[in-house]
Amino acid sequence: MPKKKTKKAAAKRFKVTSGGKVLFNRPGKSHLMTGKSSKRRRKLAKAGVLSESFGRNVRAMVQT
């Protein structure tokens, strides 16, 4: 049986922690930052944690 390949699109966008949680970068921080509040920009800078149901799918794609 052949090896499973990593989905490179998912590998670039998600990171799996040692505990199995899936982290992602929040969208919406590439431009037009002046119209966003400081609180909103601060929250966009932090990585988000994917829900467990979506996390299972992403872990299968990334296979780390």
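1. Let's start with Leu32, which sits in the loop between β2 (22–24) and α2. Although Leu32 is not a glycine, its phi is positive, at about 60 degrees. With a relative accessible area of 62%, Leu32 is exposed; here buried stands for under 20% relative accessible area, exposed for over 50%, and partly exposed for what lies in between, using a 1.4 Å probe and protein chains only.

2. A word on what you are looking at: this is a predicted model, in which local features need pLDDT of at least 70 and side-chain atom pairs count only at pLDDT 80 or more, while totals for chains, interfaces and linings use all residues. Residues are numbered from 1 along each chain as its sequence is written, and side-chain values use heavy atoms, with hydrogens and water left out.

3. Now the overall plan. The protein has 3 helices and 3 strands, and their order along the sequence is α-β-β-α-β-α. Helices (H or I, at least four residues) and strands (E, at least two) are DSSP runs numbered from the N terminus.

4. How far does the C-alpha trace span along its principal axes? The answer is about 55 × 20 × 20 Å. The radius of gyration is 15 Å, whereas a compact globule of 64 residues would have one near 11 Å. That radius is taken over C-alpha atoms, and the globule rule is 2.2 Å times the number of residues to the power 0.38. Buried residues account for 14% of the 64 residues.

5. Next, have a look at Lys46, in the loop between α2 (38–45) and β3 (48–49). Lys46 is exposed, at 59% relative accessibility.

6. Finally, which side chains meet in a salt bridge? They are those of Glu52 and Arg59, at 2.8 Å from N to O. The rule asks for a side-chain nitrogen of Lys or Arg within 4 Å of a carboxyl oxygen of Asp or Glu, and the count comes to 1 salt bridge. Side chains of opposite charge can pair when their charged atoms come close. Both partners are partly exposed: Glu52 has a relative accessible area of 48%, and Arg59 has 26%.
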